[in-house]
Protein chains: 2
Amino acid sequence: MKRLYLVPIFLAFFTSGCTNTTKEEVKHPAHKEILPSWNDSKSKADIINFVEKVTDPKKSEFVPVADRIATFDNDGTLWTEQPFYFQFAFAVDEAKAMITENPEMLEDPIFNAVANDDMTTILKAGKAGLSKIIMVTHAGMTTDQYNENVTNWINTAKHPKTDKLYKEMVYQPMLELIDFLKENDFSIFIVSGGGSDFMRPWAEEVYGVSKDNIIGSTLKLEYKMEEGQPKMQILPELGFNDDEEGKPMAIHQYIGRKPIAAFGNSDGDLQMLQWTESNPYLSLQVYIHHTDADREWQYDRHSKIGQLDEGLDEALLKNWTIVDMKNDWKVIYPNDLTAE
Amino acid sequence: MKRLYLVPIFLAFFTSGCTNTTKEEVKHPAHKEILPSWNDSKSKADIINFVEKVTDPKKSEFVPVADRIATFDNDGTLWTEQPFYFQFAFAVDEAKAMITENPEMLEDPIFNAVANDDMTTILKAGKAGLSKIIMVTHAGMTTDQYNENVTNWINTAKHPKTDKLYKEMVYQPMLELIDFLKENDFSIFIVSGGGSDFMRPWAEEVYGVSKDNIIGSTLKLEYKMEEGQPKMQILPELGFNDDEEGKPMAIHQYIGRKPIAAFGNSDGDLQMLQWTESNPYLSLQVYIHHTDADREWQYDRHSKIGQLDEGLDEALLKNWTIVDMKNDWKVIYPNDLTAE
């Protein structure tokens, strides 16, 4: 299933007290456990074995630092994407605020549905309806204004089921994995179907991945001078859809190197994993499998969000690493650590 | 004048013996001169004063490390661009090799002109003619094949006037400037009208700027599976033209932060300099002015390559830094150091 531009999102943020593993320069700090929130499992062993091989100069699988590129999908891989992409939750919240100030928007059935939390009608409106909500809330403003809107939302908006801030719904085991790879001199990139402008205001701090390493879908831009000042305006037109075939293309255009490790959770990540597998260096392909109905969500082949069907077949066939969230992860979210 | 996609290029490379300044972590290594190939001048003082202000935590102009972004144009700013963009020299050389293997190409007047070094006819053919040469030599192959072609060319091709390898025609003073900024914790990006795929095979080594920080124009790509192997094919269609308004847009899309320092040499860089100037932080705008007919080239307002007209007016009006190559630089190319 094609994923709609920008419907994906993500979020997470270290409230004080959340534990991020330390960022020391040592490869495997002696005083701390590797991937502490991961149970001993095939997936944990796959990851550690891979890192040990590619970082050991005495091994034939050694990979020079410059080529240690790891790419991560975001929605469903680094943070939750249910019951719908968090960027869409942002769009709905923004649309509601706009309707309050512009009640004439209620004449449009789609915004009427938004105002009444009528998700059934919204989803029935299909791509055209979703696109209308996205464009109204993501375009027609400057990049600075959009950045401010996202920042305000991400610092206050809470998930309806968990009552956590959306940005607290990142996966603690994946934060540890990012840090583990960084300790081993990997360059980390996020390659997401979500909007890069939506991710950058908060993801740098939450994941420890710098803004220029956060790659996502884009809307077209317009640069113009207004009273001697340059303005960057966001246009209501898709620029680049960073999903499916778009992911290897974005990796080529933005990074210029093929990854040796790629992490995803849906069919939209399959091409990125295939592309990574074609690296002449030893490479690692990992799918996060959503198997935990109690602590997170359980879905794969038949989900409308984050469908994992063709990708699951290929992963099983090729013996890629499949992370079983329920059994492989001790905790899901950072705050779960303090609750234990 | 609009610049034609991909006609620009660049190149340079440290042959052994070329001196690159050391990459020590100290801000101003006590044992070495800052910018040694620069004569004492307003432009040298502008640059050093700027760096001192933004890196001094006690000064009001202090800029946090994450925001110390510097962007450099390539053609005419980091290496020579005369008598025509080096990427176009590559295209002509590639086309000649193709004609040898496919003599039927001679039936096309433009390739006939290429085969006969008839630059007058080529240039008269205008954008359509240039585009044909570019597309034939840059598209219709995989990214791997193109990478190999560029690598082979850059390691052997020589400039007709200087008989230097093209990649030896980078500006020694600019190499020192890049290193000086890196020593002061700037992140360096190249933002060029030239093709990113053309620059990345050699520019990382020559300039010490990693591939993912090299941003350029792109052709469209196609990702497809062939016998179970993913291939990335370059299509004969412009994807993104990283020139003029395209530069601030690329900066936004790729970097996600506004630079505090920008370096260019032509009207195609004006928007990048304007965008940088709109940074709330103290910022630096620098134009390299080609004033040295003896050691390099002398041109500005009326040049067909690297025209600097509107930009020169704005630089003079706003008191931007204008580097006078003839008077401000002790040497032009790295090899000139040993010749002294």
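These questions and answers walk through a predicted model with chains A and B.

Me: Into which domains is chain A divided?
Reply: The assignment gives chain A two parts, and one of them is written as two segments. Residues 86-154 make up domain 2. Residues 42-83 together with 164-339 make up domain 1. So the names, by the automatic or database assignment, are domain 1 (42-83 + 164-339) and domain 2 (86-154).

Me: How many Å apart are the C-alpha centres of domain 1 and domain 2 of chain A?
Reply: The two domains of chain A do touch: 15 residues of domain 1 are in contact with 16 residues of domain 2. Their C-alpha centres are set apart by 26 Å.

Me: Which element gives the largest share of the side of domain 1 of chain A that touches domain 2 of chain A?
Reply: Domain 1 of chain A puts 15 residues into this contact. Strand 2 (187-195), helix 8 and strand 4 of chain A each supply at least two residues of that side. By class, the side divides into nine nonpolar, three polar and three charged residues. The largest share is six residues, and the element behind it is strand 4 of chain A.

Me: At what angle do helix 2 and helix 5 of chain A cross?
Reply: Helix 2 spans residues 86-101 of chain A, and helix 5 spans residues 126-138. Their axes come within 9 Å. The crossing is left-handed. The two helices count as roughly perpendicular because angles of 65 to 115 degrees fall in that class, and here the angle is roughly 70°.

Me: Which residues of helix 5 of chain A meet helix 2 of chain A?
Reply: From helix 2 of chain A come Ala91(A), Val92(A), Glu94(A), Ala95(A) and Met98(A). The residues of this contact divide into seven nonpolar, two polar and one charged. On the side of helix 5 of chain A, the names are Ile133(A), Ile134(A), Val136(A), Thr137(A) and His138(A).

Me: How many Å apart are the axes of helix 2 and helix 5 of chain B?
Reply: In chain B, helix 2 (residues 86-101) packs against helix 5 (residues 126-138) at an angle of about 70°. The pair is therefore roughly perpendicular. Helix 2 of chain B passes helix 5 of chain B in a left-handed crossing. Their axes are 9 Å apart.

Me: In what order do the seven strands of the sheet in chain B lie?
Reply: The sheet is open, and its pairing is mixed. Its edge strands are strand 4 (229-240) and strand 7 (321-324) of chain B, each pairing on one side only. From one strand to the next, the twist averages 30°. The order is 4-3-2-1-5-6-7.

Me: Which element gives the largest share of the side of chain A that touches chain B?
Reply: Chain A and chain B each bring 25 residues to their contact. Elements of chain A that give two or more residues include helix 8 (196-207), strand 3 (214-226) and helix 10 (270-277). By class, this side has 10 nonpolar, 10 polar and five charged residues. The largest share is six residues, from helix 9 of chain A.

Notes
Residues are numbered from 1 along each chain as its sequence is written. Chains are lettered from A and ligands numbered from 1 in the order in which they are written. This is a predicted model: local features need pLDDT of at least 70, side-chain atom pairs count only at pLDDT 80 or more; totals for chains, interfaces and linings use all residues. Two strands pair if DSSP finds at least two bridges between them. Helices (H or I, at least four residues) and strands (E, at least two) are DSSP runs, numbered from the N terminus. Axes are lines fitted to C-alpha atoms, for helices over the stretch in contact, and angles run from 0 to 180 degrees between N-to-C directions. Two residues are in contact if their C-beta atoms, placed from the backbone, lie within 7 Å. Ala, Val, Leu, Ile, Met, Phe, Trp, Tyr, Cys and Pro count as nonpolar, Asp, Glu, Lys and Arg as charged, and the others, Gly among them, as polar. Angles under 35 degrees count as roughly parallel, over 145 as roughly antiparallel, 65 to 115 as roughly perpendicular and the rest as oblique. A crossing is left-handed if the near helix is turned anticlockwise from the far one by less than a right angle, and right-handed if clockwise.
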